[in-house]
Amino acid sequence: MIPIELYIGLSAIIFSIGLYGLMTQRNGIRILMSVELMLNAANINLVAFSSYNADLTGQVFALYSIALAACEAAIGFAILMAIFKMKGTINLDSINILRW
Amino acid sequence: MLPILSLIVLIPLVFAALTLLTKTKEQARLMALVATVSVLILTLYMYLNFDSTTAAHQFEELYQWVPSLGITYHVGVDGIAMPLILLNAIVLPFLVLFTWNDERKSPNKFYALILGTEAAVIGVFTALDFFLFYVFWELTLIPLFFMVSIWGGPNKHHASIKFFIYTHVASLVMLLGIFGLYFAAWDMTGTPTLDIPTLLAQFQLIESALLKDMIFLALLFGFIVKIPSFPFHSWQPDAYTEAPTAGSVLFVMLKIGGYGLFKIMLPMLPFTGSPNMMITIMAVLGSVSIIYGAFLALSQKDLKRMVAYSSVSHMGYVLLGAAGLVSLSVSGAMFQQFSHGLIMSVMFMSCGIINNKTGTRIMNDLGGLAQKMPKLAVIMVLTFMASLGLPGLSGFIAEVSVLAGSFGNLPAYVIIALVAIVITGAYHLWALQRTMFGVFDKKLGTITDINRYQTLSMGVIAILILYFGLNPSAVLDMMLTNSEQIASMMAVMGV
Amino acid sequence: MAVENYAFLIPLLPALAFVLTFFFGKKLPNGGAIIPIAAIATSFVISLLITLNLLANPEEVVSQSFSWFAMLNIGILVDPLAAVMLTMVTFVSLLIHIYSLGYMSHDKAQSRYFAETALFTASMLGLILSDNILQLFICWELVGVCSFLLIGFWFQKPSAATAAKKAFLTTRIGDVMFLSGIVLLFTDLFKIYNGAIPDGVYILRFDVIFSHIPEIAAMNATIFGMEVSHITIITLLFFGGAVGKSGQFPLHVWLPDAMEGPTTVSALIHAATMVTAGVYLVARTFPMFIAAPSSLLVVAYLGAFTAIFAATMGIVMNDIKRVLAYSTISQLGYMMLGLGIGATIGAEAVGISLFHLINHAFFKALLFLCAGSVIHAVGTQDMRQMGGVAKVMPITAATMIIAALALGGFGIPGTIIGTSGFFSKDAIIESAYVFGASSGMWIPYVLSIVAALLTSLYIFRLIFMTFFGKARTDYGGHESPATMTIPLSILALFALFFGGLATERFNTFVSDTFMNDFVHVNIAELAEIGGYHLGHHGHEPLIILWLPLIVAAAGLLIAALVYGMKVVNMDRLVSRNNPIYKLLYNRYYQNELFTNFFSVKVVYEGLSYAGRAIDTGFDWLVGWLSDLVLETGESLRQFQTGAVQNYATAVITGVSLLIILIKVVMEVL
């Protein structure tokens, strides 16, 4: 059996990549993708612990999470499409009309 | 029995709402007159039935309100509050009469605000529950703020905001003090109460001297900003000067700071951690206010600003007398509040008239007005003399009681105040000379004397100044009863 | 009903007259002058009857008290001291009012004039009648305010308005000292009673004050390292008040300027009311002064100094009213000297001083009214433009010469022949001699003798310049109407004969004013508190009795030679190049010093502008505080970029740091 540390390590790496993307990227789609990465890192953890503890709750939660991620992506992309139509760009720095 | 105290607060409040609904100036002023006169009648009834031999609260009303927090509807008056209610009740009908023929925008709001102020100020004087007290206390701010910011002079926005923020900050500090007292007492007794007499009695049970001092200082700060006293007076000249005449008079009626000093501070004083320090603070602020206000008044060019600074000087006597802690000095300080209210309202009315008729308040541009306005000249000379402390008029009784009473305990501070008397005389006479006497300047155009509503309102108040100067016992007796109680408490505690 | 029961009417009637004249005078002929005249006449009759009663029974003084507020009272006290003052004030005031009928007949504001003079008289009468020091102070201040109104009667004139203000403010400096004295006295008495004043004891009434003098004298205060008795401080403060009101150096500056009012007002202020109030105050509280010898010394020295100081200025003035004004100051100095030497002669000092006060009232009122009559006719106050007026106005001239003789103090010692001023002024000068002989301090005596010479000199200079010689300008003029000359003649009779007729009786009558039903003060005992024993009038050498007359005659002679016969040419002396003349003419530069420099520069411009600067400072501080809050908000706002990524970065950094921190803490623990 693969030791749990490897799963956690993988999950941490993916989470960190997602976090890095979230913090550095300016493009809306890339940020959304980074968020997806972080969610999936969490899913890996959930599934791994579920399998180790022989408790299905974790896997159910992972399914919830995937469904939620899909919703989020759908709404997020829709907003970004609308912004692109309005402003011709999805660079978040230029979308600051509500700031202050 | 009639719930008089509730009525004299409710009548102006209800009429304020009704006045807002009126359409014309005639309706609005009539409403205001009816309301203020009925308050005056009720107050006079109360005054005549007032027992000035007891220091206890009279005309009390007590209903439970929010028992879980200890909030009650508790009102009542004693010898400290009664004269001040009387002062408000007397002056306001004449203030309405004074403005009877004035033209101004939205008169309905104007008179509604006057009535609102009256309700709030009388509310503070009657409240015996800190919740009510604080609500009314803050309520006084709102009408006065609008009074200045709508009908004020050229600098009205600055003045109104400054007044609002300054005094509001002070109120919040005072609220902190109230909370401190409330929770400390709750801790000890296990039952919450906001009842003022109860809390004042429980104050001495608090063990921590530091906490007691903090509570005392927080409340004191709230009160002396309202009085106002040096060095927290700088909102006052701006607000008094920029306010319309009626607003200035309402400001003068706002004696809640001094009232809090007598009603709440002095009973607490002997039980604080370091009473001598508190007395010194009050005496220093009082005597410095007296001389400082006098010097500033002397240097003013604007008549109304001069009157405003003279008010700082006069209110110094209130603090000094309170710090004197002898029944004569304390009652003299209370009397100063009363007499100052009468005198200043006529002085501000005079300033308002001069400003209206000549278009300027700069004293160097005026002169010789006595030739054109003999009636105003007589009234103005009388009130200026009262303000500089001429015997036979009410201001003198207050001054001499404060000075003679305080000298035993605070000789150095009284000497400072005595020096200021000469300066006080100087700026009053100088102002009179430059506005009323001398050669009339043709540039001021044709000037007519005051109309009969103005004559009536200013004349009656001027006669009252004379009356209370000759027969101070009319209100001084009840003040003496209460201040003797305070003084005897000090003596028991060895302060 | 006994007349004593109506004593309260004495001040009340003129006060009532004030109200009536003020509101209804305009509708009546002569501005309603008849109302105050009738009121004061009634007051005069009451005063006179009470005085006559008192003369028969000096013990039975009139005393009535009512509670006012707290432990203070309002009340009246007519003892011999008050009685003679009341009679004099009502009498002189009555004559001045009658005279004013003619003098003010052309003025538009006649009713205001009569209302204000009525109030002035009422205040002065109230002051005299007071049986407690606070009420005395109240009336004292009312007198001050009336003088303000009357000096500024022609308020359209800026100079009048300024003079009025100056009079009020200068006397107010004294008033504040007086008030301070009362405050200290009250505090001491309060302490003596230990704060528990029994019912019916009015703490500031004279009988209570006098009975506690020994206790007050026993209290000491340390001032600049010196032990000073409270009684000394209190009396000095009272005297400070008297200095202001009675125009003693250095608070005399208002008096000459007070000439801006109508001449009748000057007569009222200088003769009957106002200025005598200060002397009356010292006389009234004399038992306190006698227990404070250092205060009495101050009174004596300052009085003597003022007498000579003002007389020197009187010599060079050209304005007829100003000469008289300085003469008043000088004579008040004599009265103060008379009281001050009480250190040796006891209560008799009150009698002597009061006698001079009464006599002075007669002849000074007469001098002013004559001067008014001259001004009325000639139309100028400058003596250089007069000359030879005696031919046009014989009655005025005759009465004024009588007054001048009285002021100069002419009479024959040892007889009852002599003008009124002779008896009273000589008594003061002789007492000063006794004082010098018993204490070795001769300065007051020397000053008073020299001042007597100067007095005679300046008043006859006035007489010669005004009435004799050739007319220097074409002034026209005519004798004044009967309403003016009759009061003059009556006053002249008094100036001539009152002194000789009353001298003996008066002194014993007034000197016993502290021994009666109301108060019973043993002056000798009180004097022992002060540490000395009272002497008596001995048998002064003959030269001492004659010396005042000799110097007065010398003064008259010099004036006659210089101004009457012109045998001595004064042109070289009287010129701006002569430094002494210049100093005198400019009145020792006191106006520059006190008014222009001290009041205006130091107090007004200096201190009040400093105050303004401080106030701006406070305003700035408050503004700075509010700006600080705003700016803090502004800079804190920078952290709210609105970019989610920054927030995320902050959150993650924070969380990471927190985790590390927890980790470290756990390790340490």
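Trainee: Quick one to start: is Leu325(B) buried or exposed?
Mentor: Leu325(B) is buried, because 27 other C-beta atoms sit within 10 Å. The cut-offs: buried is 20 or more other C-beta atoms within 10 Å of a residue's own, exposed is 12 or fewer, partly exposed is in between, and the C-beta atoms are placed from the backbone. Keep in mind that this is a predicted model, where local features need pLDDT of at least 70, side-chain atom pairs count only at pLDDT 80 or more, and totals for chains, interfaces and linings use all residues. Residues are numbered from 1 along each chain as its sequence is written, while chains are lettered from A and ligands numbered from 1 in the order in which they are written.

Trainee: OK. Where does Leu325(B) lie?
Mentor: In the loop between helix H14 (303-324) and helix H15 (327-358) of chain B. Helices here are DSSP runs of H or I with at least four residues, strands are E runs of at least two, and both are numbered from the N terminus. Phi of Leu325(B) is near 65°, a positive value in a residue other than glycine. Most residues other than glycine have a negative phi.

Trainee: What's phi of Ser106(B) near?
Mentor: Near 35°, again positive in a non-glycine residue. Ser106(B) is in the loop between helix H3 (81-98) and helix H4 (107-126) of chain B. With 14 C-beta neighbours inside 10 Å, Ser106(B) counts as partly exposed.

Trainee: Switching topic: which peptide bond into Pro228(B) is cis?
Mentor: The one from Ile227(B), with omega near -15°. The bond from Phe230(B) to Pro231(B) is cis too, with omega near 0°. Pro228(B) lies in the loop between helix H9 (209-226) and helix H10 (235-242) of chain B, and Pro231(B) also lies between H9 and H10.

Trainee: And H12(B), where does that bend?
Mentor: At Phe262(B), by about 30°. That bend is the angle between axes fitted to the seven residues ending there and the seven starting there.

Trainee: How many of the residues of H12(B) are buried?
Mentor: Twelve of the 13, so H12(B) is largely enclosed by the rest of the structure. Among them are Tyr259(B), Phe262(B) and Lys263(B).
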